[in-house]
Amino acid sequence: MPPISFLLLIRFRIPNAIHCQQVGAAGKKTSVEAKTSCCNWQFHPQILETMASIFQGVGAATALSSSTSFDTKKFQFSSRRSLPERKTSFVVVRSGASKMDNGSNRTGGRADHLVTNAVATKYDNPAASTASKPGHELLLFEALREGLEEEMERDARVCVMGEDVGHYGGSYKVTKGLADKYGDLRVLDTPIAENSFTGMGIGAAMTGLRPIIEGMNMGFLLLAFNQISNNCGMLHYTSGGQFKIPVVIRGPGGVGRQLGAEHSQRLESYFQSIPGIQMVACSTPYNAKGLMKAAIRSDNPVILFEHVLLYNLKERIPDEEYVLSLEEAEMVRPGEHVTILTYSRMRYHVMQAAKTLVNKGYDPEVIDIRSLKPFDLYTIGNSIKKTHRVLIVEECMRTGGIGASLTAAITENFHDYLDAPIVCLSSQDVPTPYAGTLEEWTVVQPPQIVAAVEQLCR
Amino acid sequence: MAFAGIKVIQPLALHASSSDPYNRAAKSIATPSPFLGSTRTLRINQSLPIALSRPASSIVAAVSDVFKEKKLKSTSDLLLTKEEGLEVYEDMILGRAFEDMCAQMYYRGKMFGFVHLYNGQEAVSSGFIKLLKKEDSVVSTYRDHVHALSKGVPARAVMSELFGKKTGCCRGQGGSMHMFSAEHNVLGGFAFIGEGIPVATGAAFSSKYRREVLKQADCDHVTLAFFGDGTCNNGQFFECLNMAALWKLPIIFVVENNLWAIGMSHLRSTSDPEIWKKGPAFGMPGVHVDGMDVLKVREVAKEAIGRARRGEGPTLVECETYRFRGHSLADPDELRDPAEKARYAARDPITGLKKYLIENKLATEADLKAIEKKIDEVVEEAVEFADESPAPSRSQLLENVFADPRGFGIGPDGSYRCEDPKFTEGTAQLCFDVEMKNLMLNMHLQG
């Protein structure tokens with residue numbers, strides 16, 4: 001019980017009244033200054049008193065002191081908790097077509113049968129009681145496979161195509177065993193012809209199948225750019241809504257361990273402008289499986305970015321079926337002082353930095369944006385409205401990456417809520433060098449994140 | 001008796017002198033076509049043996065036996081019935097009249113952009129597509145109006161699309177180069193050459209998948225991929241030939257070799273201009289056919305489609321054809337030799353079929369005139385319909401970007417963007433805050 005109460009309070013936007021009141025002892029200040037100084041983690045005693053009384057009111061056990069922030073462990077709820085005021089990100093999907101799959105998009109394309117409000121009031125979430133079931137532990141690549149297999153079992157139109165996905169089981173073993181189970185046509189080993197087999201997947205999708213196209217490395221999809229941009233992205237529109245392209249394009253990308261420049265690319269920055277596609281990035285076994293399933297069920301073309309270094313992450317995931325939302329971000333660690341937006345592998349660098357930051361007395365809020373296109377401006381916005389400071393940590397290159405777009409989107413939408421310019425930490429604008437030392441300096445490392453937060457929260 | 005003394009059977013040599021009795025016979029089968037300005041002549045060898053059985057490496061360029069026999073026999077056996085003849089004729093007349101009307105409308109400012117007309121190539125479209133079922137798929141390029149018409153898309157829908165009206169087959173969103181029809185299985189309409197071929201391969205894959213994985217045993221849908229000579233130097237062409245032959249996909253690759261890729265002569269861009277030869281290199285039959293003769297095209301098409309339906313795999317058909325107009329309506333068409341154009345104009349497929357129908361008493365002049373008149377009316381009506389149709393409204397702007405519009409994401413207020421009432425009105429700013437949005441809307445309304 002108590003953790004959830006804390007949760008509600010953390011999500012509660014501290015009203016302006018407290019911001020202004022806290023400067024009572026220090027004399028009159030303008031509201032801007034008040035906001036600035038209130039962001040200093042050294043809370044004014046008045047605030048602490050107020051908060052203490054609130055917490056005592058709900059029977060919280062934690063005593064507040066003026067020298068420490070809240071014990072983060074208490075608030076480090078897993079991403080699978082649903083927030084009452086937000087549409088749950090954890091659903092048990094009933095069998096049958098989704099609400100959107102009503103064929104009305106043929107001629108109209110209007111979202112006539114949408115969930116009427118993405119912010120559901122109360123959602124009966126039987127799966128939230130995962131505590132009752134043990135769950136099972138597995139590695140991220142196994143979680144992807146599990147999701148994929150479940151979907152293939154559920155719908156015979158779901159098929160896989162790519163290089164070495166069949167007999168070899170996938171270069172990262174995501175499709176291991178599937179060809180034995182489903183046959184060589186349903187798990188298709190293609191020749192090395194990315195543009196053509198991606199196009200083939202698109203043609204198959206237009207004629208009723210639901211292919212998952214694997215790029216052995218996301219970088220190889222540069223060869224498929226023609227098909228991804230023109231046909232994946234645009235065909236639904238240029239056909240006036242007559243054909244849908246329910247493909248999932250997935251594969252490992254990102255900077256690995258000395259894989260060299262061409263195998264270390266971040267294609268999310270190149271694809272992000274393509275209209276008509278969605279992009280998601282998984283980062284944990286839990287969200288990998290959920291996003292894989294969601295991507296397969298979506299009628300839109302979805303590009304699922306996996307990361308070469310994350311395939312062996314282990315986590316315990318629920319036994320019961322679940323599908324995550326493609327458009328939602330994931331709250332990794334709620335906090336008060338700064339919003340750190342990240343995705344994929346950088347999430348782990350951020351969490352590592354967060355440990356250091358917490359020891360230094362900061363309280364960062366970490367959000368894994370997960371949906372790279374479109375951005376979940378609700379989760380992000382709520383966070384910014386609370387913390388007023390944003391740090392983006394990404395693996396894309398500085399120029400034209402996801403961080404660049406996110407910076408623009410936040411500035412446009414939430415400019416008034418910012419107390420400081422947005423800081424975006426990205427990889428260097430260099431081809432990823434082979435040498436280990438150089439490669440390390442190419443991507444953002446935890447000490448840089450710590451330094452950036454300290455700078456931001458000064 | 002002149003042949004009695006010959007012991008050694010010479011192989012057919014198409015360029016030997018015409019006094020050689022052996023080659024007189026050969027010449028009646030082969031149709032050599034020297035091209036102006038070329039340093040090589042295309043050797044059209046139509047009597048190579050067929051080897052359609054496995055293994056793939058033994059397949060050589062082939063022409064169907066049926067076709068060859070028919071050529072050698074007298075024309076007492078007709079190649080089609082009266083009904084079929086009139087159907088094909090009507091289709092070709094529709095194609096021609098429609099394209100001529102497009103040119104008119106373009107110069108009158110009713111349609112814009114790049115418009116690529118099909119005049120002269122009607123035999124290929126009618127010859128192939130009229131043999132298809134509704135469930136079979138057609139994939140084309142930017143020169144797609146007539147393919148769509150042949151497949152059954154109503155002329156008014158195509159004309160409307162060209163005019164950019166909301167009643168167009170793609171709601172005005174595709175235009176000349178993107179003709180699609182889910183009902184008639186026209187899978188596009190592609191602006192970049194070669195990018196439709198993988199899509200066609202995918203449609204053929206679907207067909208095979210349905211039969212073998214989904215166990216729909218009666219699924220024998222075939223796919224036709226139409227593209228030009230320029231495309232045959234593109235990677236996607238070769239990659240798809242490989243995959244189609246590898247998996248024996250029910251697809252026919254139809255090359256409309258009109259010898260010119262805008263201003264680039266086929267002979268200047270291709271190391272080996274005989275495209276049909278590229279089929280056997282990948283393990284499928286390659287056929288060359290006179291694309292100005294709809295009956296010849298039809299015969300080859302029957303064989304190729306039959307092969308595909310029986311699950312015997314793909315075929316590459318090279319149709320030697322010609323476009324009477326420029327590459328597009330913006331092309332001044334200055335590079336092609338008038339003599340070449342005249343030569344092909346003399347082989348106009350419509351005139352050819354008309355001659356055949358009349359000579360073989362399959363139709364009278366009056367029948368054909370009636371068809372032409374009917375088509376004129378159809379095309380006129382299509383133009384009227386398109387003229388009177390409304391242009392797409394603002395609200396259509398953001399529709400159809402996603403099949404599932406939740407793909408636009410969640411806005412700052414927590415609801416999905418597409419739930420925003422301003423969304424379908426096309427005035428929703430996808431990145432702006434609510435207040436900003438209202439401000440913009442007000443500014444817009446105030447003009």
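Let's start with helix α6 (residues 140–154) of chain A: its 15 residues reach 21 Å from the first C-alpha to the last, close to the 21 Å expected at 1.5 Å a residue. That expected span is 1.5 Å times one less than the number of residues. Helices here are DSSP runs of H or I with at least four residues, strands are runs of E with at least two, and both are numbered from the N terminus. The buried residues of α6(A) include Leu140(A), Phe141(A), Leu144(A), Leu148(A) and Met152(A), along with Arg145(A) and Glu151(A). Buried means under 20% relative accessible area, exposed means over 50%, and partly exposed lies in between (1.4 Å probe, protein chains only).

A word on conventions: this is a predicted model, in which local features need pLDDT of at least 70 and side-chain atom pairs count only at pLDDT 80 or more, while totals for chains, interfaces and linings use all residues. Residues are numbered from 1 along each chain as its sequence is written, chains are lettered from A and ligands numbered from 1 in the order in which they are written, and side-chain values use heavy atoms, with hydrogens and water left out.

**The sheet in chain A**

Five strands of chain A form an open sheet with mixed pairing, in the order β9-β11-β10-β13-β14. Its edge strands, β9 (330–333) and β14 (423–427) of chain A, each pair on one side only; pairing requires at least two DSSP bridges between two strands. On average, neighbouring strands are turned by 25 degrees against each other, direction ignored. Strand β13 (residues 390–397) of chain A runs parallel to β14(A), and four bridges join them. Within that pair, Val393(A) has Leu425(A) as its bridge partner.

Helix α14 (residues 377–387) of chain A packs on this sheet, touching β10 (338–342), β11 (364–368) and β13 of chain A, and its direction makes about 170 degrees with that of β11(A). Helix α15 (residues 402–414) of chain A lies across β10, β13 and β14 of chain A, at about 150 degrees to β13(A). Axes are lines fitted to C-alpha atoms, for helices over the stretch in contact, and angles run from 0 to 180 degrees between N-to-C directions.

**The nonpolar cores**

The largest nonpolar core has 129 residues, and those with the most contacts inside it are Phe271(A), Ile410(A), Met159(B), Phe205(B) and Phe253(B). Helix α3 (residues 82–107) of chain B gives the largest share, 13 residues. A core is a set of buried Ala, Val, Leu, Ile, Met, Phe, Trp, Tyr and Cys residues joined through side-chain atoms within 4.5 Å. Beyond its neighbours within four places in sequence, Phe253(B) is in contact (heavy atoms within 4.5 Å) with residues including Ile197(B), Phe227(B), Met284(B) and Leu316(B). A second, separate core of 36 residues includes Leu144(A), Met292(A), Ile317(A) and Leu324(A).

**Backbone details**

The bond from Lys373(A) to Pro374(A) is cis, with omega near 5 degrees, and Pro374(A) lies in the loop between β12 (371–373) and α14 of chain A. Another cis bond joins Gly188(B) and Gly189(B), with omega about 15 degrees.
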